[in-house]
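Subject: Handover of a structure

Dear colleague,

Please find below the structure that I am passing on to you.

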Amino acid sequence: MDKILTIAWNMVKRTIGSRNGLLSYILLPCLVVAGVVAISGSMGERPATILYSNMDDGAAGKHLLTELENTGDYKLVEKTDEADLRESIIDQNGDAGILIPQNFTSALLAGEEPQISVYELKATETSIMVKMKISVIADEMRNTAGLIGAARTEATDSDSQFAAVMQRAEQHSVGSIRTDYDLYPKEGLSIVTGFTLMFLMGLVTSSVSLIMDDRRERTMKRMFSAPVRSYEIALGNFLGSFIVGLIQIVVVLALGRYVLQFDFGLPLYLYFLVLAAFMLVSMGLASTVAGLIRNPNNTGMLNSLILTPTCMLGGCFWPLSIMPDYMQKAANFVPQKWAIQAIDIAATGGGWNELWLPFAILGLMAAVLLAIGSAILRPSEAGINA
């Protein structure tokens, strides 16, 4: 065990013991991931800015704006007229614009169907939702106006009666019970997870490069001539890189949670366990690749042949659901897919009765890759350029 720890500590010092190593393998990845956390953390949290111009002097226009504001999803900003509204939308000062026409209330009471104009530069989720919400509110007001018109007499003031009904409706005497408790991953979590996994996979290149240097310089051969077995050398290199990965994970999670105040949407310890399990697989992959590669010049091909393709296939950059069926099936053989799936399950409130499968698969991958890596490492051999 002492031999394994000695090799592991030497690997840690060689990886992050220098200024360049600390910058490349700890600080830079953490800053990039922290930047992604900062950007994605603000996604979906601010209310959409809706510009409006209310040309109606009746109760219908006021009721429409009040109902939109009461949803809490929109920040309403008033504009003086239609020209000002159009110009502001072109300048992208708001997500959408609403123009309530003149005599909107009078037209409703007269049985007409006045149109509310919605301005947008392009169709977005916000503009579509605003249109749907306006349509629902307008239909309710149209039905109310029709009932008042049907019961109207000469002594009845339709405008005041309609205003009273709208005022009563705004009190929302009939409430609703929320059944959606955000049982879906937090917006932006998949982006943060994808970039974190990508940087953790980047440690594979570092580990392979160091192992290849040892083989080329015959350091590993001299180690093997001592009373050290090949599996101890593989485990030492594996453990050293794993410790560096754990340091990277801790710094990233600490920055995101306690500095940037990003809510990951799941317990921090569970997020750490998933990333640590993925790190085990990454280090097993490093051991296997280092055993297969004999030419140090081929180390640079790892990014194009292993790291980037597996990150793309595993869903680090986009959802797996948009990929063809055959690619979704192929994703079952890369660890990124199972790490992301475990985080999604935890973020949606799933327990260990669901989490055991991705954890078991990640553990099996790590065990198989480490076994293969220790078997084919052949530390007694030197690289072909030695």
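Helices in this account are DSSP runs of at least four residues, numbered from the N terminus. Please note that the model is predicted.

I begin with the surface. Helix 2 covers residues 19-41, and Leu27 is found in it. Leu27 is also part of a nonpolar patch on the surface, which it forms with Leu23, Leu28, Leu31 and Val32. Together these residues have about 420 Å² of accessible area. Leu27 itself has a relative accessible area of 42% and is therefore partly exposed, as this class lies between 20% and 50%.

Next come the aromatic residues. When ring centres must lie within 6.5 Å to pair, the count comes to one aromatic pair. Its members are Trp352 and Phe359, whose ring centres are 5.3 Å apart; their planes stand at 45°, so the pair is tilted. Trp352 is partly exposed, with a relative accessible area of 45%, whereas Phe359 is buried at 18%.

Another ring, that of Trp338, has a charged residue over its face: Lys337 lies there at 3.8 Å from the ring centre.

Finally, I draw your attention to Ser135, which has its place in helix 6, residues 125-150. Its relative accessibility is 36%, so Ser135 counts as partly exposed. Between Ser135 and Gln115 there are 20 residues in sequence terms, and the C-alpha to C-alpha separation in space is 9.7 Å.

Yours sincerely

Note on methods: Residues numbered from 1 in each chain as written. Predicted model: local features only at pLDDT ≥ 70, side-chain atom pairs only at ≥ 80, totals over all residues. Heavy atoms only, no water. Patch = residues over 30% accessible without salt bridge, like charges linked within 9 Å, V, L, I, M, F, W, Y side chains within 5 Å. Areas by Shrake-Rupley, 256 points an atom, 1.4 Å probe, with all protein chains shown as cover. Salt bridge = Lys/Arg side-chain N within 4 Å of Asp/Glu carboxyl O. Helix = DSSP H or I, 4+ residues; strand = E, 2+ residues; numbered from the N terminus. Buried < 20%, exposed > 50% of the residue type's maximum accessible area, 1.4 Å probe, protein only. Phe/Tyr/Trp six-rings, centres within 6.5 Å; stacked < 30°, edge-to-face > 60°. Lys NZ or Arg CZ within 6 Å of the ring centre and 35° of its normal.
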